[in-house]
Amino acid sequence: MRAVGSGMESGLGGSGAIIALREMARQGALAGFIAIASDWLSDVKEGLCISAFWHNREQCCWDSNQTTFQARHTCPLWRNWADFVIGQPEGPGSYILNYVMYVGVAVMFSGLAVMLVRSFAPYACSSGMPEIKTILGGFVIREYLGAWTLLVKAVTLVLAVSSGLSLGKEGPLVHVACCCGHVFASLFPKFRNNDAQQRQLLSAAVAAGVSVAFGAPMGGVLFSLEEVSSYFPPRTLWRAFYVALVAAFILRAINPFGDARLVLFYVSERGTWRLPELAAFVALGAFGGIWGVIFTRANIAWCRCRKNTRLGHYPVTEVVIVTLITAAVSYPNPFMRGGSAQLVSELFTDCGPLRASPLCDYLPVDNNSTNVTTTIMPAMLSSHVTPGNGISGMSAASTFTTVMAKTIPPTVPPTNEHRAGPGVYSAIGQLALALVFKMATTIITFGIKVPTGLFMPSMAVGAVAGRLLGIWVEQLSVSHPRMLPFSKWCAPGADCIAPGLYAIVGAAACLGGVTRMTVSLVVIMFELTGGLEYIVPLMAAIMTSKWVADAFGREGIYDAHIRLNSYPFLSNKDPPPLPCLAGDMMQQTPGRSNSSSLVTLVQEGLTLQDVQDIVSNSRHNGFPIVVAPESALIVGFVLKRHLNLAIENARHHQEGVGPHTTLSFSLHPPWAAGATANGNAENGAANVLKLQSIVDFSPVTVTDETSMDIVVEVFCKLGIRHTLVTHNGQLLGIITKKDILRYLAHSSCHEPPSDIFS
């Protein structure tokens, strides 16, 4: 108990627990608000509830006492826009009016979202996952996790999802969670002044974001570990576990899904799977890997076109046009009209007596079989049941089965309740069109200037492909029941194939192919659906998806966007070997090389004018501080940004600061000791600007004989942006993260983007 308690205390701490509790309480509340508001606004595109306008369609129908089982797909309390405007819910004119209102409201939502992002918080656009990965890798993006970004992203995410664009709210919810964590952490000096502590808290916030996005707390912890965090010590694991638990609890208390469950797509009727079906699951995995490669390359090409052409100068126009195209294509197709989440939910669920979907339009029992059964059964039973010799119901059923097997001629076709009807074939055509349109719209949507998540559209693509494959396998078993392998495990007329399972596996495969997730994705999927028995099919499909996608390139969509935006990010996944030493890669100090030299500052003697000249003429973002020009003993390191701010503040708030003011970077300046001995300390420090507070007196250092493999590992785990190189205690040079990225880019025969090293 002592060890566990100490682990909890070290993992959370007093202020850490308070921050996590407040942060995740707000994050759970925000996620609930976003889910409820987006569901309502999504339905507003089609109509309103006449009893309570603030209810979405599902809530409106819950309150209706006029809904019958026969007309369970209709709701008298819900009225479409044509019924409101012209009083006619159906007809050609009503269809056109509903069509126009659907497209118009969608364009209004997305247009408002992009204008809010452009005017108030440019960092609130897109997914946020590439930037979060970069920040957790040690890079600083100012204002990316600020309170204003948090507010604008939460509001515009609701509008973007409600517009019906091919996007999801899962990735942006991770950004929202990180904003919550950063805002609250800034209230405590323990986190505000410690970059390492902030990164650990952000890793935990990522877990909470996935927890509230999918209702998958354990999957969120694994997602932060596998996909986002560069360094994940046990202390961070405790924090991630705690905040994911709190966030899931708050979300469950809010109950945004309205079904008293935490999972988003609960699979109530679980069909079994057989070993031969693994071939179909592997095929779905291959499809997911190919889709991941196609999507990544096509989306990066489209984003590069947007970045390098005039298209990027008109973000509002682009968003409006994309929304117009998406809405115009989606409304005629009932499977695309409700958005990606509703489509995935429809495809995950197998048919049952309460389903009113065209996917469940199966033909009734074969007429020939029915006639044979109803005609022969009385005669057969009368020959085996004599008066006075009653039999029980179970015995009668057993007797009837035996007699049927002996009496019915083999030419009579077996009964079958799973032969597809006209509704199923119509749904197949609509799903095929939905698959093509969803692929195209997802490629051009991800990266536009509104919050755009990637998880749900990728899952929708895979769910459509999986459901189509599941229907094909099901009908193949119906048409050829004696074909291998169906004859071995599928009895005629039995419910052997579950097309909903194929949709679940296809969704996981496509999401895995796009993001290259593995372990965390398996856990997220079974938490998402509640289908624990589907782990083996999910594992087979996800691993196949990753293998196929990695055969064409090891970059997932987030890493590709990091490279596109020229973020200085070092991946800790399979780092390439670097056959060199730190001394071979460093930027050297003056006098040691004819190449570009590292600029240093001395701890005493420089005037304000000298430092300003050095700073203005240098392209470096920081400067090592040494004892003297002729001595390379390291004192510390100071960032250019901190130096400029300190000088500017001193000029405004201190008297006598001018070009000839002497600067001191030392903790124990020599003039102080001498002045104290002579009794005139005030005269010695009269014209000295002391800048010890901005100096890092313990910079990370390595020797010139250190292997670069070890240096890269230090950069990844500590999240640092530079390290000093020494030899026998003397400063030789510096290695920055950009130096390593430049070397990796040239060694892999790829020309690095010029702005990554500017």
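Helices α13 and α20 cross in a right-handed sense. In this predicted model, α13 covers residues 278–308 and α20 covers residues 455–479, and the two pack at an angle of about 145° with their axes 11 Å apart. Ala280, Leu284, Phe287 and Trp291 make the contact from α13, while Val461, Ala465, Gly466 and Leu469 make it from α20. Seven of these contact residues are nonpolar, one is polar and none is charged.

**The protein as a whole**

- The secondary structure consists of 32 helices and 12 strands.
- The protein has 758 residues, and 51% of them count as buried.
- Taking contacts between residues at least 6 apart in sequence, 76% join residues at least 24 apart.

**Nonpolar cores**

- The largest nonpolar core contains 116 residues. Phe214, Phe223, Phe348, Val450, Met459 and Met525 have the most contacts inside it.
- Helix α22, residues 499–515, gives the most to this core, contributing 11 residues.
- Beyond its neighbours up to four places away in sequence, Met459 touches Phe214, Val344, Phe348, Ala507, Leu511, Met525 and Leu528.
- Another core, of 28 residues, lies apart from the one above, and its members include Ala646, Leu663, Leu689 and Leu724.

- Helix α7 runs over residues 147–162, which makes 16 residues. From its first C-alpha to its last it reaches 23 Å, close to the 22 Å expected at 1.5 Å a residue.
- Most of α7 is covered, with 12 of its 16 residues buried. Among the buried residues are Thr149, Leu150, Val152, Lys153 and Ala154, as well as Thr156, Leu157 and Val158. Leu159, Ala160, Val161 and Ser162 of α7 are also buried.
- Glu143 belongs to the loop between α6 (129–136) and α7. Its phi is near 70°, which is positive in a residue other than glycine.
- Glu143 has a relative accessible area of 60% and is therefore exposed, the cut-off being over 50%.

**Helix α10**

- The 20 residues of helix α10, residues 195–214, should span 28 Å at 1.5 Å a residue.
- Helix α10 is mostly covered, since 18 of its 20 residues are buried.
- Gly215 follows α10 and has a positive phi, near 70°.

- Most residues other than glycine have a negative phi. Arg516 is not a glycine, yet its phi is positive, at about 65°.
- Arg516 sits in the loop between α22 and α23 (519–529).
- The relative accessibility of Arg516 is 7%, so this residue counts as buried, the cut-off being under 20%.
- Glu555 is found in another loop, the one between α24 (535–552) and α25 (557–564). With a relative accessible area of 29%, Glu555 is partly exposed.
- Glu555 and Arg516 are 39 residues apart along the chain, and their C-alpha atoms are separated by 8.0 Å.
- When neighbours within four places in sequence are left aside, Glu555 is in contact with Thr296, Arg516, Ala560 and Arg563.

- Arg22 is placed in helix α2, which covers residues 14–44.
- Its relative accessibility is 47%, so Arg22 counts as partly exposed.
- Arg22 is 159 residues from Gly181 in sequence, and the distance between the two in space is 8.8 Å, C-alpha to C-alpha.

Key
Residues numbered from 1 in each chain as written. Predicted model: local features only at pLDDT ≥ 70, side-chain atom pairs only at ≥ 80, totals over all residues. Heavy atoms only, no water. Helix = DSSP H or I, 4+ residues; strand = E, 2+ residues; numbered from the N terminus. Expected span 1.5 Å × (residues − 1). Buried < 20%, exposed > 50% of the residue type's maximum accessible area, 1.4 Å probe, protein only. Axes fitted to C-alpha atoms, helices over the stretch in contact; angles between N-to-C directions. Left-handed = near helix turned anticlockwise from the far one by under 90°. Contact = heavy atoms within 4.5 Å. Nonpolar A, V, L, I, M, F, W, Y, C, P; charged D, E, K, R; others polar. Core = buried A, V, L, I, M, F, W, Y, C linked by side-chain atoms within 4.5 Å.
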